[in-house]
Amino acid sequence: MNISAGTNAPLLSIKDLSVRFGPDRVVEDLSFSVKAGRTLAVVGESGSGKSVTSLSVMRLADMMGAHFETGSILFNDTDLLKASQKQMRLIRGKEIAMIFQEPMTSLNPVFTIGDQICEVLLLHENISKAAATAEARHLLDMVRLPDSEQLLKRYPHQLSGGMRQRVMIAMALACRPKLLIADEPTTALDVTIQAQILNIMRDLQRDFGMGMIFITHDMGVVAEMADDVVVMWKGRKVEEGPVREIFANPQHPYTRALLSAVPRLGSLTGEDFPKRMPLTVLDGDTQTIVGEERVQDTARYDLPPVVSVKDLFVRFDIRKNILGKATHRCSAVSKVSFDIHPGETLALVGESGSGKSTIGRTIQQLQTSLSGEISFNGKSYLNMSAAERFRMRQEVQYIFQDPFASLDPRKKVGFSVAEPINTHQLIDGSKAVRRRVHELLERVGLTSAHADRYPHEFSGGQRQRVCIARALASNPKLIIADEALSALDVSIQAQIINLFMDLQAERGLAYLFISHDMAVVEKMSHRVAVLYLGQIMEMGSRRQVFETPKHDYTRRLLSAVPVADPTAERNTDLIEGDIPNPVHRVGDEPAILSHDEPNPGHFVATASARKSAPIFGKHDA
Amino acid sequence: MAGFLIKRLLQAIFVVIAITLVVSFAIRLTGDPAVTMFQGGGAMTEADLARIRAALGTDQPFIVQYLHFLKGLVTLDLGRSFTGGTSVSLLIGEALPATLLLAFISMAVSVVLSIPLGIKAATSKGKGADQIIRIFSLVGLSFPNFWLATMLVLLFSITLGWLPPSGMSGAASYVMPAITMGIILTATNVRLVRTSMLETLQSQYIMVARAKGLSETKVLYKHALRNCAIPLITYFGLQFGGLLGGIVVIERVFNWPGLGTLAFDAVGARDYPVLQAVITVLSLLIVGINLLVDIAYGLVDPRIRTE
C-alpha cells in the first residue's frame with residue numbers, strides 16, 4: 001500500500017470557491033489543491049471559513065443551507081459541486097472520509113463500536129457481515145487499540161475521548177479513502193493523547209498514501225503534521241506554501257501576527273519571571289506592535305499567603321449499593337497543599353481527571369472537601385463565621401472556560417458586571433454602580449456602551465473580557481481562572497494574557513491559573529504545580545518545573561506539547577497509554593505519594609512505600 | 001435489576017393504597033347508595049334503608065369497609081356490584097379488554113402518524129411542509145375530542161352510513177373512536193417528535209453518519225430516531241396512562257363498553273365495589289406502563305442499560 005508521495009496531478013483541487021450562508025459569504029474565491037500522499041494544513045481562527053470549506057468538499061454544507069456561488073471542487077476529474085447528493089453518497093466514506101473535532105459526540109451513543117465501523121464497510125464494500133467484522137477488528141488494531149475483539153461489542157460511552165477518536169479514525173479509514181479530511185481532530189483531547197493520535201494519523205497516512213486536509217487553529221500541530229499550509233482569514237486564503245517557508249518566512253501580515261501570538265514552549269527559558277510581551281496587532285493590512293515589554297516581578301513572597309491549602313482531600317461517590325452506601329469513589333483530590341501569595345500566579349496543570357478544577361471549586365466553596373484545611377488571609381474556612389465566608393466569596397472570584405455559558409443570556413452585560421457589587425453592597429446608589437461598571441468595562445478593553453448589550457452580541461474574546469470585568473467588580477484578592485483562555489483564538493488569548501498580567505501588576509492580584517496548556521502556563525505563571533490523578537507530581541517555580549523537570553509525568557507532558565517549529569525534532573517516544581480513570585472501589589484507594597525537595601521550593605512526588613503499584617505507563621484497556 | 005423491581009413493586013403498592021383510599025373516601029361523601037337504589041321505587045322506611053345498608057355492608061365504619069376491600073384485592077375477590085349483583089371481576093374482565101384495545105389502537109395510530117410527520121417537519125424546518133404540519137397540529141390541538149367525535153359520527157354514520165355510530169361490534173366499529181383519539185394525540189406528538197428530532201439532528205454523530213455516505217432515510221430513521229426515543233417513550237408512556245383515564249369521554253360518545261363507561265355508571269349509582277375496582281385496575285395499569293417505560297429506556301439506550 002505504500003505509494004510514494006507526491007505524484008504530480010492533484011487529488012483534489014478547489015478553484016475560486018465561494019460559499020454563502022443566507023446573506024453572508026463565509027468563503028470567498030478560495031483555491032488550493034492537495035496531492036496524494038501529502039498533508040495540507042488549513043489554518044485559521046474561528047470564523048475563517050476553514051470548517052465550511054471542508055464540509056463543502058464533502059457537500060455536507062448543503063444540509064446546513066450553504067449556497068455555492070462560484071468555483072469548482074475537482075476530485076478525480078469530477079466536479080463535486082456539480083455532483084448530486086446521490087453521487088456524493090458513493091464518494092463520502094469511500095473516496096473521501098472525514099474526522100470531526102468532538103470525539104465525545106462523534107459516535108452514535110446507541111450503537112456498538114463494531115456496528116458503527118461495519119456499517120460503513122457494508123455500505124461501500126461488497127462483503128459479508130462476518131468479513132466486515134473481521135475487517136473492523138483489523139482496523140481497531142491498526143489504530144493501536146488493545147482488545148479489539150471486546151471493543152467491537154462496547155458502546156461509545158464506555159470509551160475515553162482518546163479511544164473514541166481512534167475509533168473515528170478507524171471508521172474513516174475503513175474503505176481506504178484517497179482523501180482524508182480531519183477537522184480539528186485533536187483539539188478536544190489532552191496533550192499526551194493528542195500526541196498519540198497525531199502519531200497514528202501520520203503513520204497511517206504514509207502507509208496508505210492518502211492525501212490529507214488537516215484543519216486546525218493550532219500552529220504547533222501544523223508544524224508537526226503538515227507538508228503544505230494554507231492560511232485563511234475572514235473567508236479568504238491569505239497565504240499558501242510549504243510548511244517550512246510559512247514558519248520561516250511568513251509573507252502576509254496576518255500570518256506574521258498569528259505566528260507571533262502563538263505561545264511557544266521554552267520561550268522563557270533562562271528567565272526567572274514571566275514577561276508581559278508586546279503584541280503584533282493587525283489593523284486592516286498594516287501590523288503594529290502595541291504594549292510594552294515588562295518583567296512580571298509582582299509576587300510578594302514577603303507577605304503572608306492569600307490562600308493556603310493544606311492536605312486537601314476531595315472524594316466523589318460514584319456508585320452506591322442498594323442501601324445507599326458508596327461502593328465506588330472518585331479520588332478527585334488527594335493530599336494537595338500549596339500557598340498563593342499576593343501578586344503571584346500559581347498554575348495548576350494537568351490532564352482531564354487530574355482534579356485541577358475540583359481544587360479551584362473547593363477554594364471557592366462550590367465544592368465541599370473530605371478533609372484538609374483551606375485558609376484565606378490566614379484564617380481557616382472551618383473557623384469562619386457565615387459573614388466571613390460571605391465576605392470571602394467577594395474576595396475570591398472565578399472565571400470559567402466558557403464565557404458564553406457563564407453569562408446570563410437574558411441580562412445585559414452591565415447587569416452581570418454589577419451583580420457582585422450589588423450582592424456585596426460595595427457601592428451605594430445606582431448611578432455610582434453604573435459608573436463603576438463603565439470603569440470596569442473600560443479597564444478590560446471594552447467601552448461603557450457595551451454595558452447595554454446582551455452576551456450574544458459579543459465575540460468570544462469580548463465575552464471573556466466581560467467575565468473578567470465581573471470578577472474584578474468585587475475587588476477580589478484572588479482570581480481563579482479555570483481554563484479561562486482555552487476556548488479563545490491565539491491572538492485573543494495573547495491579549496487576555498496581557499490583560500491578566502496588567503491587572504496583576506496594577507492591583508497585586510493573585511491568580512490560581514488552571515490550565516492544560518503548558519505553553520500558556522509558561523507565559524503566565526510564577527509557580528507551577530503539576531497534577532496527575534488528584535495528586536501533585538511536581539511543584540516549583542516556573543523555571544524549575546519547565547527547565548529542570550524532575551518527575552517523569554512532567555517530562556511526558558512537556559514532550560507531548562506540539563512545537564510550533566517544523567524543523568524541530570520530535571520526541572514523542574515517552575508518550576504511551578491512556579489517562580487512567582480516577583474512579584476506584586471503596587477500600588482500594590490509590591496510594592498517597594510523599595514529596596522530596598531536591599532544590600529549595602521544588603517538590604517532586606516519590607513512589608509511595610505503602611503500595612508499589614506503578615501509576616504511570618500503559619493503562620489502555 | 002432485582003432491586004429495581006422490588007422498589008417498583010413497593011411503589012405500586014403504595015400508589016394503589018393511596019389512590020383507592022382517596023377515591024373510596026371521597027365517593028362515600030357524595031351520597032348513600034341505598035337511597036340511590038330506592039329512587040323512584042316508591043315509599044321506603046328507615047328500616048328498609050338500614051336493611052339494604054347492612055346487605056351492602058355500608059353500615060360498617062369506613063375503615064372496616066376499606067380493609068374489607070383490601071382483603072378482597074389480595075384474595076382477588078372484588079365482591080359484587082351494588083346494582084345488579086354481577087361479580088365485579090366479571091365486569092372488569094369484560095370492560096378492560098375493550099378499553100385497552102381502543103387505547104392501543106389509538107396510540108398506534110398516533111405513533112404511526114406522528115413519527116414520520118414529525119421527522120418531515122424537522123427536516124423541512126421553516127419550509128412549506130413544516131408550516132402545513134404545524135398548522136394541522138394546532139388545529140388538531142384546538143378540537144375538543146367530543147366535538148370531533150360527534151362530527152365524525154354525523155359524517156360517516158348518519159350522512160354516509162359507512163360506519164356504525166356506536167357500540168363495539170366488529171372491526172368497523174373501532175375506526176371512528178380510534179381515529180378520533182389518534183388524531184388528537186397525533187397533534188401533540190407531532191410537535192414533540194419535531195422538537196426532539198431537531199435537537200438530535202444537531203448532533204455531531206448525525207454529521208458523521210452522513211459523512212459515511214448513508215442515505216438520508218438511514219440517517220434519520222436509524223441514527224437519529226433511536227436517539228430521540230428517550231423523550232418520546234417518556235411522553236408516550238405518560239400519554240397512554242392519561243389516555244386510559246381520559247378515554248371516558250370518547251367511550252360515552254361512542255357508547256363503548258369499556259372501563260370509562262363502567263366507571264361513569266358506577267359513580268352515578270354510588271356503586272363502591274365497581275368504582276374501587278376500576279380505579280385500582282387503572283392505577284395498576286399506569287404503574288405497569290411506567291415500569292415498561294423504564295425497561296424500554298434500557299433497551300434503546302445502552303448508557304442506561306450498562307449503568
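Biologist: In what order do the five strands of the open sheet in chain A stand?

Modeller: This is a predicted model, in which local features need pLDDT of at least 70 and side-chain atom pairs count only at pLDDT 80 or more, while totals for chains, interfaces and linings use all residues. Residues are numbered from 1 along each chain as its sequence is written, and chains are lettered from A and ligands numbered from 1 in the order in which they are written. Strands (E, at least two residues) and helices (H or I, at least four) are DSSP runs numbered from the N terminus, and two strands pair if DSSP finds at least two bridges between them. The pairing here is antiparallel, and the order in chain A is β19-β18-β15-β16-β25.

Biologist: Which strands stand at the edges of that sheet?

Modeller: An edge strand here has a single partner strand, so one side of it is left without a neighbour in the sheet. In chain A these are β19 (379-380) and β25 (583-585).

Biologist: Which residue of β18(A) is the bridge partner of A:Phe313?

Modeller: Strand β15 (residues 307-320) and strand β18 (residues 371-376) of chain A pair in the antiparallel sense over five bridges. In β18(A), the partner of A:Phe313 is A:Ser371.

Biologist: Why does A:Asp408 count as exposed?

Modeller: A:Asp408 lies in the loop between β20 (396-399) and α14 (413-423) of chain A. With C-beta atoms placed from the backbone, a residue is buried if 20 or more others lie within 10 Å of its own, exposed if 12 or fewer, and partly exposed in between. A:Asp408 is exposed because its C-beta neighbours inside 10 Å number 12.

Biologist: What percentage of the residues of chain B count as buried?

Modeller: Chain B has 15 helices and zero strands. Its C-alpha trace spans about 85 × 60 × 30 Å along the principal axes. Of the 307 residues of chain B, the buried share is 32%.

Biologist: Which element gives the largest share of the side of chain A that touches chain B?

Modeller: Residues are in contact if their C-beta atoms, placed from the backbone, lie within 7 Å, and the contact takes 25 residues from chain A and 21 residues from chain B. On the side of chain A, the elements that give two or more residues are α2 (85-91), α3 (103-106) and α4 (113-124). The largest share, four residues, comes from α4(A).

Definitions and conventions: Two residues are in contact if their C-beta atoms, placed from the backbone, lie within 7 Å.
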